[in-house]
Amino acid sequence: MIRVVSRINDWRKLRRSGEFEHRSLGFVPTMGNLHAGHLSLIERCCAENELSVISIFVNPTQFDQQTDLEAYPRTLHDDLRMAEEAGVDYVLDPAFSELYPDEYRYKVTESPLSREFCGAHRPGHFDGVLTVVLKLLLLVRPTRTYMGEKDYQQFLLIRDMVEAFFLETEIIPCPIVRDTDGLALSSRNRNLSPEERKLASQFPALLKSPGTAKETAERLRKAGFEVDYVEDFDGRRLAAVRIGQTRLIDNIDVP
Ligand code: AMP
């Protein structure tokens, strides 16, 4: 039976209890609106650990646009059903005041990587991401933490933060789950109109097409995307585009 914990003090008490002693604990941090991409992480987490916990928290400090935060889909009821079916033991679902008793006076800042790519277009975004993930990792103290390669820059920053602060968790990268037409699954895909969704399906195909990052950016622009960036880094080609109000990111292996 899945248990939902909203109060940080309740969770801390529980985490100190005998239930967690000598048992591996897997963790998947999420912002909810769960889809098959999240589920791939959650199912692996449940398979590889004796206990599993996910967090569902739409983290305001990582949104640089208030409108984006307000538009973010919230589907807690369905999320809990999916998590329960996948075999999750605990869901952390805290309010902002629970997770930020300091009202964000303290934050984790990284440079230079967090200032590049998505960070260059979303000021403060990775400060918010790293801060909330550090808080969650200190609270959950998981054996393993599962992160999607869909957010590749985020995965790198969290992996390196764990090393920098000597956190005792193994960061496990998980491959991108895509829709049948190749578009990486994302909660933001819900905000696309049918016409925008059609254009979006060209994003992964154009990203994979041969040529330099610059040429790819040009092709994306010609197809009708607003391009934030296309850049090669760490053996991947990372890209972010906008269609209307919706921002999409993706990345592929580059040989
Ligand atoms: P989010 O709820 O968007 O913060 O995502 C929570 C976790 O799920 C992050 O580690 C994401 O990288 C991962 N994730 C989201 N979409 C996908 C996807 N399509 N494939 C693999 N992982 C994903």
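The exercises below, each with a worked solution, concern a predicted model.

**Exercise 1. Ring pairs**

Classify the pair Phe96 and Tyr100 as stacked, tilted or edge-to-face.

Solution. The structure holds 11 aromatic pairs. For Phe96 and Tyr100, the ring centres are 4.6 Å apart and the planes meet at 20°. Rings pair if their centres lie within 6.5 Å, and planes under 30 degrees apart count as stacked. The pair is therefore stacked. Ring pairs also link Phe96 and Tyr100 with Phe57 and Tyr104 into a cluster.

**Exercise 2. Exposure of the two rings**

State for Phe96 and for Tyr100 whether the residue is buried, partly exposed or exposed.

Solution. Buried means under 20% relative accessible area, exposed means over 50%, and partly exposed lies in between. Phe96 has a relative accessible area of 32%, so Phe96 is partly exposed. Tyr100 has a relative accessible area of 1%, so Tyr100 is buried.

**Exercise 3. A pair across the chain**

Solution. Phe117 is buried, at a relative accessible area of 8%. Tyr229 is buried as well, with 8% relative accessibility.

**Exercise 4. Surroundings of Ser24**

Locate Ser24, decide whether Ser24 is buried or exposed, and list what Ser24 touches.

Solution. Ser24 is found in the loop between helix H1 (8–16) and strand E2 (25–30). Its relative accessibility is 14%, so Ser24 counts as buried. The Ser24 side chain reaches the backbone nitrogen of Glu50 at 2.9 Å. Leaving aside residues up to four places away in sequence, Ser24 touches Glu48, Asn49, Glu50, Leu51, Thr143 and Arg144.

**Exercise 5. The largest nonpolar core**

Which element gives the largest share of the largest nonpolar core, and why does this core lie between domain 1 and domain 2?

Solution. The largest nonpolar core has 42 residues; Trp11, Val53, Leu99, Val132, Val133, Val140 and Ile158 have the most contacts inside it. Among the elements that each supply at least two residues are strand E3 (51–56), helix H7 (125–140) and helix H8 (152–164). H7 gives the largest share, 10 residues. Domain 1 (3–174) and domain 2 (187–250) both give residues to this core, so it lies between them. Val133 touches Ile158 and Met161, not counting residues up to four places away in sequence.

Notes:
Residues are numbered from 1 along each chain as its sequence is written. This is a predicted model: local features need pLDDT of at least 70, side-chain atom pairs count only at pLDDT 80 or more; totals for chains, interfaces and linings use all residues. Side-chain values use heavy atoms; hydrogens and water are left out. Rings of Phe, Tyr and Trp (its six-membered ring) pair if their centres lie within 6.5 Å; planes under 30 degrees apart count as stacked, over 60 as edge-to-face and the rest as tilted. Buried means under 20% relative accessible area, exposed over 50%, partly exposed in between (1.4 Å probe, protein chains only). Helices (H or I, at least four residues) and strands (E, at least two) are DSSP runs, numbered from the N terminus. A polar contact is a pair of N or O atoms within 3.5 Å; within protein, one must be able to donate a hydrogen and the other to accept it, and residues adjacent in sequence count only if both atoms are side-chain atoms. Contact means heavy atoms within 4.5 Å. A nonpolar core is a set of buried Ala, Val, Leu, Ile, Met, Phe, Trp, Tyr and Cys residues joined through side-chain atoms within 4.5 Å. Domain bounds come from an automatic or database domain assignment.
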